[in-house]
Amino acid sequence: MFALVDCNNFYVSCERVFNASLDMQPVVVLSNNDGCVIARSNEAKALGIKMGAPFFLNRELFKKHVVRFFSSNYSLYGDMSCRVMNTLQQFTPDLEIYSIDEAFLSLNGFTDLAHYGQVIRATVKQHTGMPVSIGIAPTKTLAKVANKIAKKDAALQGVLDLTTVEGIDSLLETVAVADIWGVGYRYAAMLQRHGIINACQLKNADDAFIQKHMTIVGLRTVHELRGESFIELEQSPPPKKAIGSSRSFGVPVEDIEELLESVSDYVSRAAEKLRRQNCAASTLQVYLTTNRFKDEPQYANCISCTLPTPTAYTPELIACAQACLRKIYRKGYRYKKTGILLTGLTPANGLQLNLFAEHRGNFSNQKAIMRAVDALNERYGRNTVQFASSGINKRWKMLQSYKSPCFTTRWSELPTVKA
């Protein structure tokens, strides 16, 4: 038995926790560089504001309806996500963090699941201020369906236990096939062409047809809709096969020194993630590009290099990335974005060294240095200790003109309470 706990309008809810004036008001959160809408309150949805709507095209609409808008505040959102997940761990020993705002819980052995769901929902709200919806079902796919219905139907008070529903097929008929977990846009279009337009029809579809057109993965989804559990809980997700980092610049960049700063910064972040999963990278890719939406000279390029020995040592990765960037950089262009990608990941323990590689220093000292840097940044906040090659002023960093304070992760921005 599974429960899917999903935070309602997560980014917007994070903003509302620390700003009571936003309650019941239309609120949107903007993407990197304040480009487009990536989160909306229910009130903003009611105004017809679409996901992905460009900010600059909707300024008048926002002004007319007094829509409150905020830049993405990833430090705040990440910390609030951790608080929600830590609260959920109190209710079951088996939990899978599916995304920043979703988690699957195993409820095997529990009774009166609808009531238990209400207890979970109330506790998360009390401990974190975050509203959540909960779908409960014998499979993860059905739990997703139940969650979607619980979120939309106010009479359910945020919790739906499908095991208590009579005539579940009639409920599945209200769910479009495109809204089913695991059915992408192309599969949905294909199914609709064959007359399968809702979840009930997909549940009753012919197995041979589904396997032919959607492979064994699609067949697994169909069996899940029938109440047969095929997708297990992943309490320890497998390590990533690649780690990347990139951002669009807040302003166009032409100077190679600023571009070098950006890739150094991105390498530092990616290497931190690499060490967190106890891996080393054997290949590094660097890319840069201009803004293809601007009527000006265009250029884009990428380059990869293989490291002599897999490593997670940030200085070595930075040196490699900067050397790669110098090879593909061209003068006379206004660059919009750079990025790096670490691939060929292998476990950091027991690395196979290269007999013919040049001496790269003492590996134990490198690990000790990185452990110290990571510990300081973990305790005192990101970039407490950073590499000088990443720059200080960072004129190129992304725009966040409307960002709220980092209420929970920065001492200087703690909320102030007045009596």
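Student: Which helices and strands each supply at least two residues of the lining of the largest pocket?

Tutor: Happy to walk through that with you. This is a predicted model, in which local features need pLDDT of at least 70 and side-chain atom pairs count only at pLDDT 80 or more, while totals for chains, interfaces and linings use all residues. Residues are numbered from 1 along each chain as its sequence is written, and side-chain values use heavy atoms, with hydrogens and water left out.

The elements you asked for are helix 4 (74–88), strand 9 (243–253), helix 11 (256–276) and helix 13 (363–380); helices (H or I, at least four residues) and strands (E, at least two) are DSSP runs, numbered from the N terminus. A pocket is an open set of points on a 1 Å grid over the protein atoms alone, with protein on both sides within 12 Å along at least five of seven lines, and lining residues have an atom within 4 Å of a point. The largest pocket holds about 2,500 Å³ of space, where a volume is the space filled by probe spheres set on the points, joined across faces, edges and corners. Its lining counts 49 residues, and Y74, S75, G78, E272 and R382 lie nearest the centre. Sorted by class, that lining has 17 nonpolar, 17 polar and 15 charged residues (nonpolar: Ala, Val, Leu, Ile, Met, Phe, Trp, Tyr, Cys and Pro; charged: Asp, Glu, Lys and Arg; polar: the others, Gly among them).

Strand 9 turns up again at the second largest pocket, where it gives the largest share of the lining, four residues. That pocket has a volume of about 720 Å³. It is lined by 26 residues, with N33, G35, N291, F293 and K336 closest to its centre. Besides strand 9, strand 10 (279–290) and strand 12 (335–343) give two or more residues to this lining.

A cavity is a set of grid points where a 1.4 Å probe fits but cannot get out, and the count comes to one cavity of 30 Å³ or more. The largest cavity contains about 170 Å³ of space. Among its 16 lining residues, S268, E272, N377, N383 and V385 are the closest to the centre. Helix 11 contributes the largest share, five residues, and the lining divides into three nonpolar, six polar and seven charged residues.
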